[in-house]
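Me: I would like to go through the terms used for this model and ask, for each of them, on what grounds it is applied.

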Amino acid sequence: MANVTSQDLGKQPITKLLVKQAVPASIGILVMSLNILVDTIFVGNWIGPIAIAAINVVLPVSFFIAALGMSIGVGGSSIISRALGSNDVLKALKTFGNQITLTVLITVVFVVFGLLYVNDIIPAFGGKGDIFDPAKIYYKIVLYGVPVLALCMMGNTVIRAEGKPKFAMYAMMIPSVGNLILDFFFINIFDWGMAGAAWATTGSYILCFFFILWFFLSKNSELKINLTHFGLDLPVVKEIASLGFVTLSRQAIVSVTYLLMNNILYDLGGETSVTAYAIVGRMLMFALFPVFGITQGFLPIAGFNYGAKHYDRVRQTINKAIKYAALLATVVFIFLMAFPETITKMFTQDAEVLKETPSAMRWVFAATPIIAIQLIGAAYFQAIGKAIPALLLTLTRQGFFFIPLILILPNYFGELGVWISFPIADVLSTIVTAFFLYREVRLNLISEVNQ
């Protein structure tokens with residue numbers, strides 16, 4: 001599969017571009033998700049079900065800090081895609097340099113804060129009772145590597161913005177494979193327990209960082225920055241922040257969701273319910289990899305062509321991305337509805353967890369076939385630099401619908417109220433996103449094409 005250059009994003013057929021961009025992104029997400037999935041299986045079988053819950057408590061904290069890097073990456077990459085589309089190479093270089101500076105400064109501050117208040121943060125995210133001690137061990141070690149992870153996530157989005165999806169795929173695969181190998185040695189061979197799982201994760205981040213560093217120093221990258229590009233430029237920082245805030249808000253809401261879910265489920269069903277949610281959460285990351293891959297592949301194509309004023313190509317990209325993502329989401333839906341019991345048994349043999357998880361999984365994925373509209377719709381506004389609608393649509397599902405639902409429905413339906421909140425939020429957010437996306441296409445893209 002040949003790579004594309006940034007200029008090819010405005011020339012090649014849309015379907016061909018989507019395949020070239022989405023397949024490597026999907027493979028990268030698949031390998032990364034498999035890493036999380038297998039890592040959880042290793043931990044559940046080699047350490048115990050409490051360890052699964054412990055990692056689930058830590059993930060939203062470490063992922064939020066890492067998401068600072070991703071948000072800076074996505075915000076800056078939207079600028080880079082449009083700058084390359086309009087041949088403004090200087091702005092692309094300045095943006096990339098500012099992304100690196102911002103990522104390092106912000107993530108280090110958050111890591112220091114996270115380490116200082118470790119004993120307060122872990123219980124707040126559901127690390128209570130028997131979960132606290134293993135969660136604390138895992139948390140402190142993983143947090144050391146989070147700034148490196150943030151740089152990796154930032155760099156990955158920039159690689160994709162350059163039109164180099166295969167290298168972005170490699171950047172996602174390297175830490176995933178490395179983590180599994182290190183897991184085997186640190187947990188199974190050396191018997192380091194939770195510390196082994198944590199050091200395997202941190203070590204994998206470092207491997208990824210060295211690969212991304214090599215890419216940008218090699219001839220494969222078009223972005224050859226120098227020291228002058230690292231100095232913060234206020235207009236560039238503002239534009240990165242306004243667009244990156246969309247991604248950061250999404251991850252912040254995810255972290256708040258984990259906080260609420262872990263605490264609500266702990267109160268309703270104890271460690272068993274928290275573990276069930278951890279397993280379902282892993283499947284949310286893993287099973288939807290082709291849909292997320294298309295969304296990732298869609299961003300640089302839409303952003304470049306919008307910057308180049310190829311509005312008809314932008315409209316084609318939206319339609320085809322939704323079509324293919326919806327088809328793949330339906331396949332995922334059928335698979336998960338058919339085999340939830342078998343999937344759960346991969347993680348644990350604990351009788352209580354086996355009893356509770358399959359039903360929860362079916363509810364959580366009940367509206368999967370329609371989520372493509374919500375994901376592509378929100379991504380579109382981010383790709384074209386419209387930060388406010390992108391932010392609002394990103395927050396719609398979890399912020400405006402899901403969080404209120406999980407606070408209200410359990411009062412009437414108990415633990416079932418938590419699980420049915422997932423499909424209800426999916427349906428409502430999809431309706432809202434479809435409305436705004438249709439209006440944007442009709443009022444702006446089609447009108448521009450017809451002029």
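Reply: In this predicted model, helix α6 passes helix α7 in a right-handed crossing, and the contact of the two helices comprises, by class, 17 nonpolar, seven polar and one charged residues.

Me: Why is α6 called roughly antiparallel to α7?

Reply: The axes of α6, residues 165–189, and α7, residues 193–217, cross at roughly 150 degrees and come within 8 Å. Because angles over 145 degrees count as roughly antiparallel, that crossing makes α6 roughly antiparallel to α7.

Me: What makes the pair of Glu222 and Lys164 a salt bridge?

Reply: The closest N and O atoms of Glu222 and Lys164 are 3.2 Å apart, and a salt bridge requires a side-chain nitrogen of Lys or Arg within 4 Å of a carboxyl oxygen of Asp or Glu, so the pair qualifies. The structure holds seven salt bridges.

Me: Why does the pair of Glu222 and Lys164 tie together parts that are apart in sequence?

Reply: Glu222 lies in the loop between α7 and α8, whereas Lys164 lies in the loop between α5 and α6, so the parts tied together are 58 residues apart in sequence.

Key:
Residues numbered from 1 in each chain as written. Predicted model: local features only at pLDDT ≥ 70, side-chain atom pairs only at ≥ 80, totals over all residues. Heavy atoms only, no water. Axes fitted to C-alpha atoms, helices over the stretch in contact; angles between N-to-C directions. Helix = DSSP H or I, 4+ residues; strand = E, 2+ residues; numbered from the N terminus. Parallel < 35°, antiparallel > 145°, perpendicular 65-115°, else oblique. Left-handed = near helix turned anticlockwise from the far one by under 90°. Nonpolar A, V, L, I, M, F, W, Y, C, P; charged D, E, K, R; others polar.
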